[in-house]
Amino acid sequence: MVDATHISFPASDRSYFSLIKKEIHRMATEGGINPARINELDLIVAEMTSNLFKYSDDGELLIGIFPNGGNPYVELISIDNGPGMVNPAKMMQDGISTSNTLGHGLGSMKRMSDNFELYSQIGWGTIVLSRVYSVPEKVKITNELIMRPIVVYKPGEKTSGDGFTYKITGKYIKMMLADGLGHGPEANKAINEAANAFKIFPEYSPTETIRFIHNAIKKTRGAVVNIVGYDLTRKVWTSAGVGNIAARMSGPVNFKNHMSYNGIVGYNIPNTMSDQDYPAEEFNQVMLCSDGIKTRIDMSRYPMMYKYDLTVLAAAIYKDHARRNDDMSVVIAKVK
């Protein structure tokens with residue numbers, strides 16, 4: 001089922017921390033994470049919430065459980081609007097503290113995590129990323145394309161009207177971000193019908209995929225959709241979109257905003273649409289955002305971000321641009 005990839009937990013009230021820890025423990029257990037790793041996960045969550053309480057303003061935890069082909073992992077993202085750090089690398093060393101504690105928190109989180117990154121700017125805040133795999137020894141990233149989504153449902157809802165899915169074949173990788181009209185269960189139904197159609201459609205063309213989805217979801221409330229494919233042989237992105245899913249292609253020098261067609265998939269789409277190609281040698285990264293994310297994004301606000309995991313960039317976009325009155329999605333993919 002296509003739904004939110006991450007659940008948001010506000011971390012500004014210390015009395016709520018034990019409930020956060022229990023809920024994440026439950027999610028990890030149901031997600032099939034190795035019990036020994038869950039014990040380490042509990043400690044990471046305790047350290048993250050403690051740091052958010054000490055140092056942050058309006059702290060937030062995003063928690064995602066990913067099946068990962070039988071070796072599931074938990075993704076923990078700590079986001080704050082606190083004072084930031086002058087020297088993040090130094091703060092991860094044991095014994096370094098600014099609050100009269102032992103200073104083991106960041107170092108211990110890093111040791112217990114299979115992937116750990118910390119991005120911080122003075123006056124902007126800090127993002128901490130931790131991934132914990134069920135079986136770390138079996139972690140393999142073999143795809144030529146790395147995809148990192150953050151999809152969070154509207155505050156007050158229990159399911160997401162935004163949805164991300166993808167399809168991998170020997171010839172291409174194709175991904176879709178869809179936003180069902182409105183929010184809640186009926187919007188979620190629309191994106192799941194769209195996802196089912198997306199997965200069974202046998203051809204590569206994003207435009208023809210949208211046409212197929214259009215016919216498949218006519219009994220739902222409809223959705224706006226953007227589909228981006230990456231041709232593994234030609235080394236070319238191909239994109240098509242209907243409605244207000246923003247797509248930005250970017251590279252070391254240039255970026256280009258992909259223009260979508262007007263319409264609603266499932267209700268009305270243009271009779272004439274065409275795929276747009278973008279060579280990967282010029283544009284090695286693509287970002288998709290639903291309208292729950294403000295799209296006036298200035299990437300220069302995130303210096304040195306190219307050194308970090310794509311999830312850290314997605315979290316920074318979410319931190320600065322989430323509207324918080326709708327479902328919110330940021331998906332970033334990059335050619336390795």
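Good morning. A salt bridge, as the term is used here, is a side-chain nitrogen of Lys or Arg within 4 Å of a carboxyl oxygen of Asp or Glu. With that cut-off in place, I turn to this structure, which is a predicted model.

I begin with Asp326. This residue is buried and yet has no salt bridge. The nearest side chain of opposite charge belongs to Lys154, and it is 6.5 Å away. Because a salt bridge requires nitrogen and oxygen within 4 Å, that separation of 6.5 Å leaves Asp326 without such a partner. Where does Asp326 lie in the chain? Its place is in the loop between α7, residues 310-321, and β15, residues 328-335. Leaving aside residues up to four places away in sequence, Asp326 touches Lys154, Pro155, Gly182, His183, Asp291 and Gly292.

The loop between α7 and β15 also holds Arg324. Arg324 is not a glycine, but it has a positive phi of about 65°. Its relative accessible area is 38%, so Arg324 is partly exposed. A second residue with a positive phi, again other than glycine, is Lys235, where the value is near 60°. Lys235 sits in the loop between β9, residues 223-231, and β10, residues 236-242. It counts as partly exposed, because its relative accessibility is 37%.

Let me now take up the salt bridges that do form. Side chains of opposite charge can pair when their charged atoms come close. How many salt bridges does a search of the whole structure find? The search finds 14. One of them joins the side chains of Asp114 and Arg37, at 2.9 Å from N to O. Asp114 lies in the loop between α4, residues 105-112, and β4, residues 115-121, while Arg37 is in helix α2, so this pair ties together parts that are 77 residues apart in sequence.

Another salt bridge links Arg234 with Asp231, with the closest N and O atoms 3.8 Å apart. Arg234 is partly exposed, at 44% relative accessibility, and Asp231 is buried, with a relative accessible area of 13%. A further pair is Lys319 and Asp320, whose closest N and O atoms are 3.4 Å apart. Here Lys319 counts as buried, at 13% relative accessibility.

I close with the helices. Two packed helices are described by the angle between their axes and the distance between the axes. For helix α1, residues 17-30, and helix α2, residues 35-55, the axes come within 10 Å and cross at roughly 150°. The two helices are therefore roughly antiparallel to each other, and their crossing is right-handed. On the α1 side the contact is made by Phe17, Ile20, Lys21, Ile24, His25, Ala28 and Thr29. On the α2 side the residues are Ile38, Leu41, Asp42, Val45, Thr49, Ser50 and Phe53.

The other pair is helix α5, residues 185-200, and helix α6, residues 206-216, with axes that come within 9 Å and cross at roughly 135°. That angle makes α5 oblique to α6. The crossing of α5 and α6 is right-handed. Ala194, Ala197, Phe198 and Ile200 of α5 make this contact with Thr209, Phe212, Ile213 and Ala216 of α6. Thank you for your attention.

Notes
Residues numbered from 1 in each chain as written. Predicted model: local features only at pLDDT ≥ 70, side-chain atom pairs only at ≥ 80, totals over all residues. Heavy atoms only, no water. Helix = DSSP H or I, 4+ residues; strand = E, 2+ residues; numbered from the N terminus. Buried < 20%, exposed > 50% of the residue type's maximum accessible area, 1.4 Å probe, protein only. Lys, Arg positive; Asp, Glu negative; His and termini not counted. Contact = heavy atoms within 4.5 Å. Axes fitted to C-alpha atoms, helices over the stretch in contact; angles between N-to-C directions. Parallel < 35°, antiparallel > 145°, perpendicular 65-115°, else oblique. Left-handed = near helix turned anticlockwise from the far one by under 90°.
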